[in-house]
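Here's a quick tour of a two-chain model, going from the inside out. Have the sequence and the coordinates open as you read.

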Amino acid sequence: MAAAKPLIKKGIFALALVVIAVTFYYLTIWATPYYVQNKFASKSADYINTPRFGDQPNAENSRVIPLPNPDFLYSTINYDLKENVLKISGIVPDSTYWSISAYQENTTNYFVENEEKVKAKFEYYLAPEGSTSEALKNIPKEKIIYSPTSKGLILFRYLVSKAYPVKELSELQHGVTVEKLAK
Amino acid sequence: MALNQKVKKIALGLGLILLAIILGSGIGIYNISSGKSDSQRTIGNWKTVDKDKDLNTADLLTIAQVAVYGPYALTKKEVIYLSTNTDSEGNELDPKADYVITGKKLDAKYWSITAYDENGFLIKNPINKYSYNLEDVKYQADSISYKINLSGTEKTENWLPINNVKKTSLIIRLYLPSDKLRENLTIHTLPVIEKVK
């Protein structure tokens with residue numbers, strides 16, 4: 001019995017090592033998307049809750065985020081909702097693909113609408129999930145985007161097409177405004 | 001002596017714990033870089049998200065892979081992404097070779113085929129052309145078929161350049177695809193990539 005004791009101890013320790021290895025495996029793959037989002041967000045740390053308008057991607061101006069679509073104009077808003085609810089508004093092009101999408105802090109997409117549903121103008125209120133902010137009173141539900149995490153990214157896609165060449169699309173792109181409302 | 005033994009034992013224990021941490025994290029990083037996951041579906045040489053899965057509800061590994069190699073993707077409701085780094089025979093795309101991508105119009109609001117370098121960025125080339133889409137690809141006489149020349153050397157028509165890169169990959173984007181296309185995404189509806197030189 002006494003001889004078995006060190007063996008049991010070793011067995012428990014070996015099991016603990018397996019548990020540690022498995023835990024760190026899942027921790028690594030869970031944490032990686034947060035790391036990626038924070039890395040990208042840190043590049044625009046001075047522009048939190050402010051729209052940024054990108055040029056049409058090419059081989060030289062688009063070397064930070066992989067797999068850019070060269071047919072799109074992108075706009076982004078790196079958001080932090082700790083202190084504000086954001087009112088995001090602008091104009092939707094009528095005959096080319098357009099979308100507004102929202103990504104939580106692990107970079108997964110939780111909201112998207114496109115020009116087939118949103119016509120002419122858009123106005124959205126971005127708030128943290130469960131928000132009871134006064135700013136959201138009397139705002140129709142379909143206009144509120146509830147973010148599962150307090151930080152994240154809003155991404156606009158404008159398709160450059162025959163109907164909307166870059167110049168015209170760029171004017172619409174730069175028309176997006178973000179208003180910080182008291183939480 | 002006994003104290004020495006105890007210190008050695010503790011050091012060994014800590015060393016093994018550290019090894020377990022490195023091993024667990026290392027396998028995590030390796031699996032992310034492998035590009036393989038349980039949420040993947042293969043259609044010929046094209047890879048996409050499995051039929052009953054999506055990017056925002058996929059397993060942790062898929063979410064991590066997308067975050068690293070193609071962040072801020074949209075869900076299947078909006079877009080279907082297909083990627084490949086091989087020709088239709090399953091051989092890795094060689095940027096020094098010439099390929100012809102043969103396909104037909106895809107039933108989606110917008111579709112495109114884009115070439116990327118080994119890091120997932122657009123490839124610098126003399127004509128500043130990185131992709132073909134439903135509007136700018138030159139169709140054949142039947143107005144629905146096309147041939148795209150994927151090559152590092154200049155071509156007269158539908159040239160998709162892959163100059164001076166070590167590796168290349170292709171992405172098809174299908175924005176707002178029809179229900180018919182969603183249900184019928186097969187090897188016959190997707191473009192064929194054939195090595196010609």
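The largest nonpolar core takes in 30 residues, and Leu82(B), Leu150(B), Leu170(B) and Leu174(B) are the ones with the most contacts inside it. Keep in mind that this is a predicted model.

**The core**

- Six elements of chain B each put two or more residues into this core: strand 3, strand 4, strand 5 (108-116), strand 7, strand 8 and strand 9 (169-177).
- Which strand gives the most? That's strand 5 of chain B, with four residues.

**Salt bridges**

- Over all chains, the count comes to 11 salt bridges.
- One of them pairs Glu179(A) with Lys87(A), where the closest N and O atoms are 3.9 Å apart. That pair ties together distant parts of the chain: Glu179(A) sits in strand 9 (residues 177-182) of chain A and Lys87(A) in strand 3 (residues 84-91) of chain A, 92 residues apart.
- The 3.9 Å contact between Glu179(A) and Lys87(A) makes the list because the cut-off is within 4 Å.
- Glu179(A) counts as partly exposed, since its relative accessibility is 42%, between the 20% and 50% limits.
- Glu113(A) and Lys117(A) also meet through their side chains in a salt bridge, at 3.1 Å from N to O.
- Are the two partners buried or exposed? Glu113(A) is buried, at 14% relative accessibility, while Lys117(A) is exposed, at 59%.
- In chain B, Asp98(B) forms a salt bridge with Lys155(B), and here the closest N and O atoms are 2.8 Å apart. Again distant parts of the chain are linked, this time loop to loop: Asp98(B) is in the loop between strand 3 (79-84) and strand 4 (99-104) of chain B, and Lys155(B) is in the loop between strand 7 (145-151) and strand 8 (159-161) of chain B, 57 residues apart.
- Asp98(B) is buried, with a relative accessibility of 7%, whereas Lys155(B) is partly exposed, at 25%.
- Which residues are joined into one network by salt bridges that share partners? They are Glu115(A), Glu116(A) and Lys109(B).
- As a general point, side chains of opposite charge can pair when their charged atoms come close.

**Surface patches**

- A patch of positive charge on the surface gathers Lys5(A), Lys9(A), Lys10(A) and Lys9(B). Three of its residues, the largest share, come from helix 1 (residues 4-42) of chain A.
- Lys9(A) is placed in that helix 1 of chain A.
- Which element gives the most to the nonpolar patch? Helix 1 of chain A does, with five residues.
- Val22(A) lies in helix 1 of chain A and is partly exposed, with a relative accessible area of 40%.

**Spots to check in chain A**

- Asn49(A) has a phi near 60°, a positive value in a residue other than glycine. Look for Asn49(A) in the loop between helix 1 and strand 1 (51-53) of chain A.
- Although placed in a loop, Asn49(A) counts as buried, at 7% relative accessibility.
- Thr107(A) has a positive phi as well, near 70°, and isn't a glycine either. You'll find Thr107(A) in the loop between strand 4 (98-103) and strand 5 (109-114) of chain A.
- Thr107(A) is buried, with a relative accessible area of 5%.
- Phe72(A) belongs to strand 2 (residues 72-80) of chain A. With a relative accessible area of 0%, Phe72(A) is buried.
- How many residues apart in sequence are Phe72(A) and Tyr97(A)? The answer is 25, and in space they are 9.2 Å apart, C-alpha to C-alpha.

Terms used
Residues are numbered from 1 along each chain as its sequence is written. Chains are lettered from A and ligands numbered from 1 in the order in which they are written. This is a predicted model: local features need pLDDT of at least 70, side-chain atom pairs count only at pLDDT 80 or more; totals for chains, interfaces and linings use all residues. Side-chain values use heavy atoms; hydrogens and water are left out. Patches are made of residues with over 30% relative accessible area and no salt bridge: like charges are joined within 9 Å, nonpolar side chains (Val, Leu, Ile, Met, Phe, Trp, Tyr) within 5 Å. Accessible areas come from the Shrake-Rupley method with a 1.4 Å probe; for residues, only the protein chains shown count as cover. Lys and Arg count as positive and Asp and Glu as negative; His and the chain ends are not counted. The place of a charge is taken as NZ of Lys, CZ of Arg, CG of Asp or CD of Glu. Buried means under 20% relative accessible area, exposed over 50%, partly exposed in between (1.4 Å probe, protein chains only). A nonpolar core is a set of buried Ala, Val, Leu, Ile, Met, Phe, Trp, Tyr and Cys residues joined through side-chain atoms within 4.5 Å.
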